[in-house]
Amino acid sequence: MKAWTDTALWQALERAKAGSDDTKARAAKHLAVRLELLMPDVVAVLASGEAPADFTLHDEGHGFRVAERMLDVVTPELVGQLAATELALLLLSAMSCSSAGACTTKTASAAVRWDRSA
């Protein structure tokens, strides 16, 4: 199985660390350090099949708790440096039924689809 560091997302983050935009490079470096600290635990949990102590139940409050937990990766200081699009994507990824795994109906899935024509 490939490692999380083999993903296109990680490779893009690595490139951002070396970019010419100092603000983006600093943010990318910060996020990379946080991910390198957190991802080994994520990989271990996935491999073990056991829920960690900080597991958040997939109920109606799950998305909110995930959004709040994102500040463990993207610190409050760094939030101020993120573009509006990045903030919106973080919130959408936390709150979306499809990413949270809390919704399974076609209606719920359709509700979180993005209308690209708008």
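Me: Why is Arg69 called partly exposed?
Reply: Arg69 has 39% relative accessibility. Buried means under 20% relative accessible area and exposed means over 50%, with partly exposed in between (1.4 Å probe, protein chains only). The 39% of Arg69 falls in between, so Arg69 counts as partly exposed. This is a predicted model, where local features need pLDDT of at least 70, side-chain atom pairs count only at pLDDT 80 or more, and totals for chains, interfaces and linings use all residues. Residues are numbered from 1 along each chain as its sequence is written, and side-chain values use heavy atoms, with hydrogens and water left out.

Me: What makes Arg69 and Asp72 a salt bridge?
Reply: Their closest N and O atoms are 3.2 Å apart. A salt bridge needs a side-chain nitrogen of Lys or Arg within 4 Å of a carboxyl oxygen of Asp or Glu. The 3.2 Å of Arg69 and Asp72 meets that limit. Asp72 is partly exposed too, at 35% relative accessibility.

Me: How many salt bridges does this rule give?
Reply: The count comes to 2. Glu14 and Lys17 also form one, with closest N and O atoms 3.1 Å apart.

Me: How do you know that Glu14 and Lys17 are separated by about one helical turn?
Reply: They sit 3 residues apart in helix 1 (residues 8-17), so about one helical turn separates them. Glu14 has 29% relative accessibility and counts as partly exposed. Lys17, with a relative accessible area of 24%, is partly exposed as well.

Me: What counts as a helix here, and how many does the protein chain have?
Reply: Helices are DSSP runs of H or I with at least four residues, and strands are runs of E with at least two, numbered from the N terminus. The protein chain has 7 helices and 0 strands. Its pattern along the sequence is α-α-α-α-α-α-α. Of its 118 residues, 18% are buried.

Me: What makes helix 1 oblique to helix 2?
Reply: Their axes come within 7 Å and cross at roughly 135 degrees. That angle makes helix 1 oblique to helix 2.

Me: How far apart are Met95 and His62 in sequence and in space?
Reply: They are 33 residues apart in sequence and 7.8 Å apart in space, C-alpha to C-alpha. Met95 lies in helix 5. With a relative accessible area of 43%, Met95 is partly exposed.

Me: How do you know that Leu38 is partly exposed?
Reply: Leu38 has 31% relative accessibility, so it counts as partly exposed. Leu38 belongs to helix 2 (residues 22-48).

Notes:
Axes fitted to C-alpha atoms, helices over the stretch in contact; angles between N-to-C directions. Parallel < 35°, antiparallel > 145°, perpendicular 65-115°, else oblique.
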